[in-house]
Amino acid sequence: MIIVTRLHGTSVAVNCDLIERVEATPDTVLTLVDGSRYVVRESVAEIIDKIRTFRASVVMLAGRLDMQASGQRLRLVPNPDPEA
């Protein structure tokens with residue numbers, strides 16, 4: 001999830017996987033797949049950067065968990081050798 005600021009100043013967390021499009025009209029409008037729309041203070045570029053940062057953190061965390069769990073035979077990624 002990413003945190004964005006609505007025009008009146010409150011913050012809201014948005015599931016970035018549900019964002020269908022981001023438009024500058026001139027205010028930035030987030031449109032979700034269900035049709036919900038949020039007008040936010042951040043620019044389109046800032047929204048894209050927040051999404052990129054969030055997704056990178058998910059990948060990094062998954063890698064850390066995989067490394068920690070490998071000694072316990074717990075894997076977050078498929079093991080190519082099921083006998084291992």
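**Salt bridges, core and contacts**

Visitor: Is aspartate 17 buried or exposed?
Guide: Buried means under 20% relative accessible area, exposed over 50%, and partly exposed in between (1.4 Å probe, protein chains only). The relative accessibility of aspartate 17 is 53%. Aspartate 17 therefore counts as exposed.

Visitor: What kind of model is this, and how are residues numbered?
Guide: This is a predicted model, where local features need pLDDT of at least 70 and side-chain atom pairs count only at pLDDT 80 or more, while totals for chains, interfaces and linings use all residues. Side-chain values use heavy atoms, leaving out hydrogens and water, and residues are numbered along each chain, as its sequence is written, from 1.

Visitor: Which residue forms a salt bridge with aspartate 17?
Guide: A salt bridge puts a side-chain nitrogen of Lys or Arg within 4 Å of a carboxyl oxygen of Asp or Glu. For aspartate 17, the closest N and O atoms of the pair are 3.0 Å apart. The partner is arginine 55.

Visitor: How many residues apart are aspartate 17 and arginine 55?
Guide: Helices (H or I, at least four residues) and strands (E, at least two) are DSSP runs, numbered from the N terminus. Aspartate 17 lies in the loop between β2 (11-14) and β3 (19-24). Arginine 55 sits in helix α1. The pair links distant parts of the chain, its members 38 residues apart.

Visitor: What is the relative accessible area of glutamate 23?
Guide: Arginine 21 is partly exposed at 36%. Glutamate 20 is partly exposed too, at 46%. Glutamate 23 also counts as partly exposed, because its relative accessible area is 27%.

Visitor: How many residues are in the largest nonpolar core?
Guide: Such a core is a set of buried Ala, Val, Leu, Ile, Met, Phe, Trp, Tyr and Cys residues joined through side-chain atoms within 4.5 Å. Members include Ile2, Val14, Leu30 and Ile51. β1 (2-5), β4 (28-32) and α1 (44-69) each supply at least two residues. The core's count is 10.

Visitor: Which residues does threonine 5 contact, leaving aside neighbours within four places in sequence?
Guide: Threonine 5 is found in strand β1. Its relative accessible area is 19%, so threonine 5 is buried. Contact means heavy atoms within 4.5 Å. Leaving aside those neighbours, threonine 5 is in contact with Thr10, Ser11, Val39, Val40, Arg41 and Glu42.
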